[in-house]
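Subject: Structure for you to look at

Dear colleague,

I am handing over the structure below, and I would be glad if you could read through the notes that follow it.

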Amino acid sequence: MHKITVLFVLAHILIISGYSQGKYILSGLVVDENNQALPGASVQLSSGKGTVTNSEGKYVINDLDNGIYEIKVSYIGYKTHLDTIVIDGNKAYRIKMLYSPLDLQEVVVTDNYVETRKKEESLNIEIANKRYLQQNLGGSLMKTIERLPGVSTIDIGSGQSKPVIRGLGFNRIVVVENGIKHEGQQWGADHGLEIDQFAIDKLEVIKGPSSLIHGSDALGGVINVKQNSVPINNSVGGTIDLIGKTNNNLIGTSFSVYGRKNWLFADLRVTMLDYGDYKVPTDSIDIYSYKAAIHNNQLRNTAGEEKNLHFTIGIIQDDFQSKFFISNVYSKNGFFANAHGLEPRNVDTDVHDKSNRDILFPYHEVNHFKVINQSLWEMGKFRFKSDLGFQRNFRQEWSEYVSHGYMPPVFPDNLKFNADIERQFDKHIYNGNLLIRYTHNEKTAFTFGLNGSYQDNDINGRGFIIPAFEQLNMGVFLLAKYEINPINVLQLGIRYDHGKIKTESYNDWFQSPVLIGSDTTLAHLQRAYGLNRNYSNISWSVGYNYNQEKLSFKTNIGRSFRIPIAKELAANGVNYHNFSYEVGDPDLSPEISYQLDLGLEYHLKKFAVGATPFVNYFTNYIYLNPSSEFDRLYGNGNQVFYYTQSEVFRYGGELHAHYQLLKSIKLGVIGEYVYSEQVSGEKKGFTLPFSPPASAIFNIKYQKQHLGFLKNVYLSVDYRITASQTNIVPPEETTDGYQLINISLGGEISLKKQNLSISAQVQNLFNTKHFSHTSYYRLINVPEPGRNFVLNVSIPFSGKIN
């Protein structure tokens, strides 16, 4: 097989090189007035040949004969560049685009950019721009992008959710914001993602192992969030977003203002959201053996609020730019009162049902503060990029004090924490990245990178599940990209990582009876012992891209890894959210994953189809394994789960296609499937927890550039089919399939020289009762939200600085 592959590549190279004899190449760079690269610019010649610039603003047009050509370069927000050039040999032609005052804050992400980015990346990638995020606005960022192929979520009510890529989530997915890995308490199923979706300009989802660049935790994929594109020179402006939702009576606004004068720019955004208990299409919920009635279809105590602040300031020069991102994201959310450690029948329904907007016990508060500096230098063939970041994630979980096990009936007044703080986590994170890119010539480029991070996580509160810990990660990698010709590109990479994790010992703050010989005494039980673990690993990746005019193919094979987290090594406590008692294993090995990714896409003028299959093998996947034991010291007999490891085999993929039926009507379909199986250990033959079922979306979309006084009008209908999930691992339950219809529509209204953008949605049109297999509340049979009308009005304003 290896020899056949080599012969195929060599033969292809010979054919291309033979075909190219006697032909010439036009190449160059497209930049703006500040010499910043413009990715996705369209470059067209009068002969009909053309291309788009890559992520570095570069373009190449091959197989040109001697002659005189007219060249046309276009890019949103800039004047079209027209010129005449003479081709009598290989020619380099640099284009500087001039700003057009038609729209001072135009979205830079275009279809050309998306197409180019996908062709450059050997892993499968999905890209969402600002407009996509507005048209698919969900209760959280992850719900907003859930429609993308291969992406699903673990939902915690209507306001928070966790990302899942191809069935992998938690610490197997890395979220990167402005170059820095976002660090919270992502080990918890009830811990959402602290990112403001209104502050995002574009977002990339890389499906597959990305440990090569992002290190441990990225073996399942990466969600790369990018904010605040640089404003046009000598401009001021902003947007006012108004948001409303009917299911949980959400009201909110997000206001931004930006400005730029020559080399200095700044951007400020404030987001405020407030919402009530969300509605489900049922009047009762079967929580184990108890039927809990709910008032007015509202899931009591799931209200919440969000207050976010973002500030960006930076400088832009010809060969250097530096940006500072400062943000603070705060959220307060209630937990469903019948599903948080208390007996469902003990809930005071009169108090909870009095108002659907108050936040009572139990609830959690999270504040995430972040400072990031991102700098870029251009020095000849070298490009230097640095990312420095500081984060503080402060999380408190509140619930009324209840004596569990041997806790005293009355909380002592001599302890240093509040009786009603169930758990508190205070994490400080320091990150640093350095990337050096060397462009040897038009065909060869090398990227050298260094990553480092340090985490210090303190704990407090009356409950215990994980100990305080410190973690240090360091990594170094080298990537090489070789363009055999414009059609064939090879990418190679290797990385070395070293990680160290140190956990602290922990003793109960109360005494429990201990049997010593024949005597019983009281003691503060030790729940965790101090650990000091070191891990190191080598990751590698090989990728190949083939890009013809109508056909593109990509493949990537690689090895990645993940360091065990503190919870997996040293957990020893009740998880009140899952009604379980979880115990870590200090002898766990790092996860090792091997994955093969493929991508094939064929497109014509009216039709396109693509498939992105994958095969994945874990040598030692870490998971929680239920046992026959039950805890008697810290609760009401919760089942004990032990962290263990097993070999896991996974495969699956995504399929997408669309057909332009009429000029204004497009038909589309998106499908995804993941299969997972444990091939060793106690649960051999079972799948993995939170495995998403197969699903498909059939879409019809109407688009019209002008319709009366409206511009860019669209109407989209999704028919979503989700299969039943019978392939489970205990204590999961099988989940029935369901069918939903979602509608989105909107357009722009001109107000003098500015546009007012309106986006509306009807989610779950027929108020269908259904269950999501990956929902946090699935274990206690809570259905997904019912019908929801969403309205988002975006009002831009802008001006010019003389």
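The protein has seven helices and 46 strands, where helices (H or I, at least four residues) and strands (E, at least two) are DSSP runs numbered from the N terminus. Its radius of gyration, taken over C-alpha atoms, is 28 Å, close to the 28 Å that the globule rule gives for 802 residues, so the protein is as compact as a globular protein of that length; that rule is 2.2 Å times the number of residues to the power 0.38.

Please keep in mind that this is a predicted model, in which local features need pLDDT of at least 70 and side-chain atom pairs count only at pLDDT 80 or more, while totals for chains, interfaces and linings use all residues. Residues are numbered from 1 along each chain as its sequence is written, and side-chain values use heavy atoms, with hydrogens and water left out.

Along the principal axes, the C-alpha atoms fill a box of roughly 100 × 60 × 50 Å. Of the 802 residues, 55% count as buried, that is, under 20% relative accessible area with a 1.4 Å probe, protein chains only.

Ile697 sits in strand 42, which covers residues 695-707, and is buried, with a relative accessible area of 6%. Leaving aside residues up to four places away in sequence, Ile697 touches Arg147, Gly668, Val669, Ile670, Asp718, Tyr719 and Arg720, a contact being heavy atoms within 4.5 Å. Glu672 is 25 residues from Ile697 in sequence, and their C-alpha atoms are 9.3 Å apart in space.

Terms used: Buried means under 20% relative accessible area, exposed over 50%, partly exposed in between (1.4 Å probe, protein chains only).
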